[in-house]
Amino acid sequence: MTTTTIAGHAVDVNEEGFLTRPEEWTEDLAPELARLIGLELTDAHWALIRFLREDHAAQGETATLRRVSTRTGTPVKTLFTLFPGKPAKKMAYVAGLPKPKGCV
Amino acid sequence: MTSRTRNLVVLGAGTAGTMIVNKLRRRLPADDWAITVVDRDDVHDYQPGYLFIPFGINEPDQVRRTKSPFIHAGIDLVFGEVERVDTAEHEVLLAGGRRLPYDQLVIASGTTPRPDQTEGTLGPQWHREVGEFYTYDGALALRDQLDRFTGGRLVVHITELPIKCPVAPLEFTFLADDWLRRRGLRERTELVFVTPLDGAFTKPVASRELGKILEEKGVHVEPDFMVERIDQDRKVLVSYDEREIAYDQLVTVPLNMGADFVAASGLGDELNYVPVDKHTFLATGHDDVFALGDASNIPTSKAGSVAHFSVEVFVENFLEHVAGRAMTHSFDGHANCFVESGHGKALLLDFNYDTEPLTGHFPIPKVGPMTLLGESRANHLGKLAFRHVYWNALLPGRPLGLPAEMSMSGKNPA
């Protein structure tokens with residue numbers, strides 16, 4: 001675990017660059033985190049990021065791709081368009097959350 | 001104080017449900033508690049046996065029994081389709097209008113493969129070129145299908161996690177490799193393992209060890225593949241990000257979901273699993289509803305071993321709970337999975353909520369006879385022998401002498 005500076009904030013990240021302390025995340029970090037993985041945030045991205053933050057605060061864990069899709073009414077295909085390749089991981093990354101526990 | 005007989009209703013007479021009613025019948029006086037268990041039919045399958053049917057290692061009659069003889073005297077076994085649980089009225093509604101009032105309810109209705117949830121799966125080639133081994137019929141159909149297989153691309157595919165027995169697709173792949181070699185078809189077959197995960201398995205140490213075995217066996221792994229649909233005409237799997245994987249014979253593991261009545265009752269999450277306290281199995285927001293076995297959302301494997309260990313903890317807690325006391329036993333997520341690796345060998349994984357599968361020996365530290373996360377003949381024999389233990393000791397609720405709580409002795413920390 002290392003400390004790095006993103007958008008002027010000192011944050012703790014793990015070896016994959018995910019924030020390890022969700023409480024260190026603020027909305028002004030998101031565009032910079034997105035830029036680091038080649039994304040530019042639109043309103044559609046923001047709606048999902050805010051859902052992820054709220055859901056994590058309520059549930060204590062990061063929503064899976066299916067949960068995001070079901071709860072926000074966003075087709076999985078759209079999630080792949082907005083966050084290409086690995087949407088579950090990319091959404092969590094931008095939202096400053098641990099990657100979802102794929103399962104067990 | 002006047003007393004009336006209270007009702008315990010258990011939905012599902014599979015591994016968890018059967019053990020629960022048998023164990024509780026012995027512990028709850030018949031004057032105080034009536035016990036009813038509901039299931040849709042009188043068939044009980046030893047599900048771990050499905051894996052062996054396509055390769056002729058288990059015969060169909062070894063994995064299927066009549067359910068009712070496993071339900072002990074003094075327990076009312078009701079056949080019917082559960083429509084809904086009315087948690088406000090504390091009643092279970094069955095199709096046809098019958099109502100079962102409950103004082104305590106246990107949901108043990110498991111998880112089911114749902115091929116209908118992925119477009120193109122239930123086409124004309126379902127149970128033919130698009131096979132599966134998570135049902136009795138599917139395992140039998142796949143046996144016939146493999147019998148006709150003469151080489152090409154054999155693709156083993158996981159749709160989405162969680163699935164029942166998450167190691168089974170890997171075991172299928174290992175056994176297929178062995179089977180193809182024995183038939184002289186291995187060189188004419190490309191064996192491909194397709195997963196939505198970024199590696200062979202969900203837990204890092206095990207993923208590395210199992211990944212090594214896949215590599216040794218020349219299996220090509222396609223990670224991070226989220227299937228959108230199956231195109232049976234073109235014989236390809238298509239992902240959401242528009243990658244395609246061609247197959248000649250596909251062995252898919254469909255999306256797994258909890259029972260539909262769970263959703264209809266407002267008791268489920270997005271996959272119809274009942275959110276529960278992971279240490280006590282009490283459903284979130286309820287004082288008289290529990291969920292055990294594959295039906296709950298606890299973050300450990302959906303597996304018979306977990307059902308077994310959790311029932312041990314649940315029974316003690318339940319007795320405290322209905323006596324109006326605090327539940328003092330806590331489930332640690334203990335799971336114990338044999339992984340067939342082919343050539344008469346198997347690995348054994350032992351893990352819980354906090355500790356991932358480690359190397360070492362089980363159940364006796366440093367002695368075994370079974371090795372953890374390493375291939376051995378003893379593990380394979382242990383796995384095959386477990387079918388007898390299941391029918392003769394586990395379902396009747398006899399003690400097996402395996403601790404419910406995971407122990408760290410004899411294990412090598414990662």
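Visitor: What makes His90(B) count as partly exposed?
Guide: His90(B) has 17 C-beta neighbours inside 10 Å. A residue is buried if 20 or more other C-beta atoms lie within 10 Å of its own, exposed if 12 or fewer, and partly exposed in between, with C-beta atoms placed from the backbone. The 17 neighbours fall in between, so His90(B) is partly exposed.

Visitor: What kind of model is this?
Guide: This is a predicted model: local features need pLDDT of at least 70, side-chain atom pairs count only at pLDDT 80 or more, and totals for chains, interfaces and linings use all residues. Residues are numbered from 1 along each chain as its sequence is written, while chains are lettered from A and ligands numbered from 1 in the order in which they are written.

Visitor: What pLDDT does chain B average?
Guide: Chain B averages 93, and 99% of its residues score at least 70. pLDDT is the predictor's confidence in each residue, from 0 to 100. The model scores ipTM 0.86 and pTM 0.93.

Visitor: What is the phi of His90(B)?
Guide: Phi is near 55°, a positive value in a residue other than glycine. Most residues other than glycine have a negative phi, and most peptide bonds are trans. His90(B) lies in the loop between β6 (82-86) and β7 (91-94) of chain B. Strands (E, at least two residues) and helices (H or I, at least four) are DSSP runs, numbered from the N terminus.

Visitor: What makes Phe281(B) buried?
Guide: Phe281(B) has 28 other C-beta atoms within 10 Å. The cut-off is 20 or more, so Phe281(B) is buried. Its phi is positive too, about 75°, although Phe281(B) is not a glycine. The loop that holds Phe281(B) runs between α6 (260-264) and β20 (289-291) of chain B.

Visitor: Which peptide bond is cis?
Guide: The bond from Leu161(B) to Pro162(B) is cis, with omega near 0°. Pro162(B) sits in the loop between β12 (152-158) and α4 (168-182) of chain B.

Visitor: Why does the span of helix α7 of chain B agree with what it should be?
Guide: The expected span is 1.5 Å times one less than the number of residues. With 19 residues (304-322), α7(B) should span 27 Å. Its end C-alpha atoms are 26 Å apart, so the two agree. Just after α7(B), Gly324(B) takes a positive phi of about 80°.

Visitor: How many residues of domain 1 of chain B are in contact with domain 3?
Guide: 20 residues of domain 1 of chain B meet 13 residues of domain 3. Contact means that C-beta atoms, placed from the backbone, lie within 7 Å. On the domain 1 side, α7(B) gives the largest share, six residues. Domain 1 is 6-110 + 259-322, and domain 3 is 335-412. These bounds come from an automatic or database domain assignment.

Definitions and conventions:
Contact = placed C-beta atoms within 7 Å.
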